[in-house]
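Dear colleague,

Please find below the structure I wished to hand over to you. My notes on it follow.

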Amino acid sequence: MFLLWALPLALYLFYRWSIATYDYFEKRNVPYVKPVPFFGQVLSFFTQGRHAVDVASEGYRMFRNTRISGVFTLRTPAYLVHDPTLYKQMATKDFDHFTDHVTDFRIETDPILARSLFFTNGAHWRQHRSGLSPAFTGSKMRSMFGLLSKSAGDAMGRLLVFAAGKPFTMELRDLYSRLGNDVMTSISFGVEVDSLTDRDNEFFLKGKRLAQIDGLPGLKFLMATTIPRVFHFFRLSGMYKDVNEFYTDAVARNIQLRETNRINRPDFIHLLLQARKNTLGAEKHEDEALQDAGFSTVKEHTLEQKMGEGKMNWADIDIAGAAASFFFGGIETTTTLLCFTSYELAVNPDIQERLRAEIDEQRESLADGRTPTYEVLQKMKYLDMVVSEALRRWTPLGLTNRKCTKNYTFTNTDGSQVTIERGQNISIPLKYFHLDEKFYPDPLRFDPERFADPNNINQDAYVPFGAGLRNCIGSRLALMQAKCILFYMLSNFIIKPDTKLTIPIVIDETSAGLNAKHGFWMNLVPRSA
Ligand code: HEM
Ligand SMILES: *[C@@H]1O[C@H](CO)[C@@H](O)[C@H](O)[C@H]1NC(C)=O
Ligand SMILES: *[C@@H]1O[C@H](CO)[C@@H](O)[C@H](O)[C@H]1NC(C)=O
């Protein structure tokens with residue numbers, strides 16, 4: 001008898017509790033996606049099989065005439081920015097209201113990720129970022145470029161040997177993530193590996209394992225913002241203990257090796273060791289000429305030192321954390337860029353031919369006719385147009401976020417005042433800005449000509465590397481690396497769609513990042529064939 005009414009009552013109370021927050025945006029006069037009781041908007045992630053970025057950005061196309069909208073994950077309200085100019089303002093002029101990324105890591109359970117720049121906040125982030133910025137300037141990128149180009153060139157040589165002059169079929173995501181692994185292992189950890197031959201080397205396996213479940217800025221951060229419960233479930237156990245130890249050891253051993261043998265290698269470990277000794281500086285003069293890695297390059301802002309904030313003390317573990325964050329921040333995203341660029345080149349042979357002509361022309365000016373230099377890549381206009389358009393059409397990181405750190409009031413389109421309260425999470429749908437016909441007519445068409453004259457591009461609405469003081473620190477490196485690998489690929493091969501390639505490409509909705517469901521199967525035809 002008791003159960004007969006207790007159960008419905010309990011269910012009713014649970015229901016009331018689960019919807020108690022759902023008037024949040026109503027009260028604030030902000031349009032919002034109607035939540036499903038208890039689930040908020042998360043349910044469509046499971047039932048409709050849509051990509052997490054699209055689920056989180058759902059409101060963008062629903063409400064066309066607002067600068068911001070609301071969304072619920074379970075019971076928790078969060079904002080979605082619709083106006084790229086508002087995002088730009090939040091990220092630059094009004095930065096002190098939004099100094100943080102949404103983060104959920106603790107040093108005790110995630111010693112490496114919690115120390116990575118993307119997930120660090122507050123004073124710690126300021127120290128980190130200003131300490132690391134000098135490692136990413138133009139002149140540093142150029143010295144690193146030598147290592148990068150050598151690593152990619154060696155791999156290309158092995159690929160040519162493998163081809164033996166005949167066309168062959170290859171899945172490009174696998175190829176590019178191996179190349180990316182080798183390049184980043186070389187410049188982040190100071191170790192040379194060859195993942196094309198030594199297919200199961202530890203750096204590749206550990207990196208892959210962490211990237212699959214933990215990738216930065218991939219899944220972990222997406223899950224943290226869209227489905228926090230699932231996220232907590234996954235990190236219940238210290239399942240990455242070995243991975244954490246692996247990177248910490250690799251870096252500690254490497255530092256020791258250098259200090260005992262006085263090795264000097266122009267990579268991140270070297271720069272971070274300089275930071276530790278306070279000898280990492282900027283070469284202002286040189287930097288300016290080398291700063292520009294293409295239209296997509298983001299500006300590095302200067303952070304003022306706050307009163308009472310000391311300089312960063314770089315312990316070995318901080319160096320490991322920084323190196324690991326470059327590793328994870330860089331490989332997935334750059335691989336994605338290369339895969340989709342190659343896809344577009346394969347299905348648009350005229351664009352591929354035009355790009356190859358530009359590459360061949362530049363090769364004539366190279367000493368060995370083969371190895372691109374930083375300066376040569378900087379000069380290549382069409383290559384830059386192709387890469388810029390690929391970053392727009394296939395934005396590798398489709399969503400970023402900010403946490404409101406100080407109440408923020410702005411005027412909405414209808415003239416009403418909106419106040420975002422301190423502590424609220426805010427999603428920024430970079431992908432949706434890039435696919436909005438308001439900014440890019442016929443947005444699904446791949447057309448490098450959009451970037452022929454940069455003045456035609458709305459700069460606020462072109463943000464593949466984010467915006468403001470928390471933009472991507474690695475944009476130069478990513479662009480130079482992608483351009484270098486494309487240079488080698490098109491110098492040596494004609495990329496053709498394989499019969500196993502699906503056209504148009506089908507996106508894997510379950511993937512955290514941006515990926516093709518059936519792979520990037522291409523037929524690589526050696527040019528000498
Ligand atoms: C095509 C490749 C890449 C893309 C599309 C990309 C994109 C992004 C985006 C959108 C953000 C967030 C910006 C924001 O919230 O406003 C970000 C942050 C970041 N990226 Fe990248 N990235 C790429 C490659 C790299 C590389 C190669 C590295 C390192 C070597 C890197 C390191 C980072 C770090 C450390 C952050 C966090 C910065 C901070 O919070 O201060 N990324 N990236
Ligand atoms: C913001 O997102 C984080 C990570 O998912 C979550 O733990 C936190 O509760 C959210 N904060 C608010 C105020 O919604
Ligand atoms: C922020 O806004 C909330 C709600 O409007 C208010 O209760 C709180 O006092 C404000 N905080 C500050 C520091 O102004």
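Which residues in helix 6 are buried? The model is a predicted one, in which local features need pLDDT of at least 70 and side-chain atom pairs count only at pLDDT 80 or more, while totals for chains, interfaces and linings use all residues. Residues are numbered from 1 along each chain as its sequence is written, and chains are lettered from A and ligands numbered from 1 in the order in which they are written.

In helix 6 (residues 84–91), the buried residues are P84, Y87, M90 and A91 (buried: 20 or more other C-beta atoms within 10 Å of the residue's own, with C-beta atoms placed from the backbone; helices: DSSP runs of H or I, at least four residues, and strands: runs of E, at least two, numbered from the N terminus). Because these buried residues fall within an arc of 120° when seen down the axis of helix 6, they line one face of the helix (the arc is that of the directions from the helix axis to the C-beta atoms). They pack against strand 2 (76–81), strand 4 (400–403), strand 7 (425–428) and helix 20 (430–434).

In total, 28 residues surround ligand 1 (C-beta atom within 6 Å of it), and the closest are G329, G330, G466, C472 and G474.

Yours sincerely

Methods. Buried ≥ 20, exposed ≤ 12 C-beta atoms within 10 Å, placed from the backbone. Contact = placed C-beta atoms within 7 Å.
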